[in-house]
Protein chains: 2
Amino acid sequence: MAATDREIPDLLTGMATTRAIRRIAPDPIPDDDLSAIMWHATRAPSGTNRQPTRFVVLRDGPKASEAKSLLGEGFRAGWAEKSSSAGYESGSATDLSTPKGRQRAAMQHFVDHFEDVPVIVLACLMRYREANPYEGASVYPACQNLLLAARALGYGGVLTGWHGAVEGELRDLLGIPTHTAIHATIPLGRPLGNHGPVRRLPVGEVVFDDAWGESAPWVHDPEGTRHAGPPPNHKPLDER
Amino acid sequence: MAATDREIPDLLTGMATTRAIRRIAPDPIPDDDLSAIMWHATRAPSGTNRQPTRFVVLRDGPKASEAKSLLGEGFRAGWAEKSSSAGYESGSATDLSTPKGRQRAAMQHFVDHFEDVPVIVLACLMRYREANPYEGASVYPACQNLLLAARALGYGGVLTGWHGAVEGELRDLLGIPTHTAIHATIPLGRPLGNHGPVRRLPVGEVVFDDAWGESAPWVHDPEGTRHAGPPPNHKPLDER
């Protein structure tokens with residue numbers, strides 16, 4: 001089915017309903033759809049329009065299967081560490097009737113079935129200068145476009161950094177050059193669940209007017225917005 | 001005019017036609033529109049849904065005018081340095097009939113009129129750990145959503161880092177805490193020109209299949225796509 005045969009959501013609705021998709025069917029993404037997803041990803045801006053991001057797409061090629069196995073290991077290691085450090089191994093996390101229990105089950109399913117995800121995209125930044133905290137300005141806007149384009153065509157994915165545990169082996173396998181960084185690993189495919197509204201903090205808590213910490217009386221959540229705060233045990237450095 | 005009265009582009013068209021807008025009318029952005037822009041920005045993902053980004057919105061409040069003057073200085077310093085280092089002061093850059101000449105004029109207009117831009121958004125990251133090259137994963141997707149939401153409602157802006165030259169004074173003025181970084185300065189308003197298709201490298205040059213450098217035969221630019229490469233004198237570290 002060509003992209004144009006489908007009902008594409010409008011730009012605002014699309015952003016409001018692109019949530020992280022971790023339960024992904026194993027069906028391949030047709031070439032034309034994947035092409036459209038990648039093309040829209042590359043419409044994002046970058047500093048001086050340098051376009052330093054390169055996408056390595058892992059599907060079913062000769063190296064993809066080995067790369068997916070490596071990444072699967074990395075993701076399972078990442079989740080094992082997180083589920084232990086973030087309290088996902090006891091209390092409400094073991095109860096599927098709680099939000100935390102459902103999160104845990106979804107994450108476990110995700111890492112256990114990682115090798116079956118049809119498409120993995122590595123977003124790689126060819127560095128123009130030494131690594132710095134702001135270089136992501138030229139790669140993460142493209143990652144967001146990629147996720148939105150996937151949503152537009154009925155697919156879904158999630159922005160992750162769990163290649164970390166296996167990065168050395170992965171770079172060797174795929175031939176990623178020395179000064180090129182892997183900034184994200186994005187699994188993509190058809191969602192097993194549904195797209196739907198994301199949950200965030202009340203917008204008034206994250207938008208300030210005129211100075212840090214000053215509330216913005218003009219900002220408001222649309223009616224029906226449902227909220228979610230950050231995990232309870234995460235505090236920024238400035239609040240410790 | 002409420003957001004809902006307007007024709008919102010579809011998600012794919014929106015991404016394809018959100019280019020950097022630097023010629024901006026001085027008219028204010030109505031509260032409801034600005035609220036909708038900020039709300040959609042905050043729909044973006046962040047690591048562990050921590051939502052560490054805070055937006056400081058400068059309009060016409062008591063500190064905004066001083067902050068805009070400071071930033072104007074910073075932007076003019078940034079452009080002076082870049083126009084000299086990137087060859088914008090001689091040759092074709094002085095000829096308005098060339099693309100480079102038009103770029104130069106647009107940049108000069110942008111920095112000369114910086115204080116008249118109605119809304120400046122600072123995207124600030126409350127750090128949860130020490131600064132690192134990947135932390136932008138939790139702030140730049142929101143910046144991209146912000147630009148897309150502005151586009152959806154007929155506004156425009158540009159993702160910049162030119163607060164650098166005046167960052168210390170700006171932080172003091174606005175009370176930005178120690179471990180909170182300014183990741184982007186985004187001027188926003190009604191475009192004096194038009195929205196339109198962005199220009200990028202041919203998509204086949206930036207998408208690899210199965211391994212680094214391997215071409216992806218399934219990816220293609222839609223008919224009519226116009227291309228632009230990076231500035232000629234910019235080479236990534238791996239190619240030097």
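Reader: At what angle do helix α2 (residues 31-41) of chain B and helix α5 (residues 140-152) of chain B pack, and how far apart are their axes?

Author: Keep in mind that this is a predicted model. In it, α2(B) and α5(B) pack at an angle of about 145 degrees, and their axes are 7 Å apart. The crossing of these two helices is right-handed. On the α2(B) side, the contact is made by B:A36, B:I37, B:H40 and B:A41. Facing them from α5(B) are B:A142, B:N145, B:L146, B:A149 and B:A150. Sort the residues of this contact by type and you get 7 nonpolar, 2 polar and no charged.

Now step into the loop between α2 and β1 (53-58) of chain B, where you'll find B:T42. B:T42 counts as buried because 25 other C-beta atoms lie within 10 Å, and the cut-off for buried is 20 or more. Leaving out residues up to four places away in sequence, B:T42 touches B:A142 in its own chain, plus A:R200, A:V203 and A:V206 from chain A. B:A142 is also one of the α5(B) residues in the contact with α2(B). For a sense of distance, take B:D60: B:T42 and B:D60 are 18 residues apart in sequence, and their C-alpha atoms are 23 Å apart in space.

Those touches from chain A bring us to the two chains together. Here 89 residues of chain A are in contact with 89 residues of chain B. On the chain A side, the elements giving two or more residues are α1 (11-16), α2 (31-41), β1 (53-58), α5 (140-152), β4 (180-189) and β5 (207-209). The largest share of that side comes from α5(A), with 8 residues. By type, the chain A side divides into 54 nonpolar, 22 polar and 13 charged.

Notes. Residues are numbered from 1 along each chain as its sequence is written. Chains are lettered from A and ligands numbered from 1 in the order in which they are written. This is a predicted model: local features need pLDDT of at least 70, side-chain atom pairs count only at pLDDT 80 or more; totals for chains, interfaces and linings use all residues. Axes are lines fitted to C-alpha atoms, for helices over the stretch in contact, and angles run from 0 to 180 degrees between N-to-C directions. Helices (H or I, at least four residues) and strands (E, at least two) are DSSP runs, numbered from the N terminus. A crossing is left-handed if the near helix is turned anticlockwise from the far one by less than a right angle, and right-handed if clockwise. Two residues are in contact if their C-beta atoms, placed from the backbone, lie within 7 Å. Ala, Val, Leu, Ile, Met, Phe, Trp, Tyr, Cys and Pro count as nonpolar, Asp, Glu, Lys and Arg as charged, and the others, Gly among them, as polar. A residue is buried if 20 or more other C-beta atoms lie within 10 Å of its own, exposed if 12 or fewer, and partly exposed in between; C-beta atoms are placed from the backbone.
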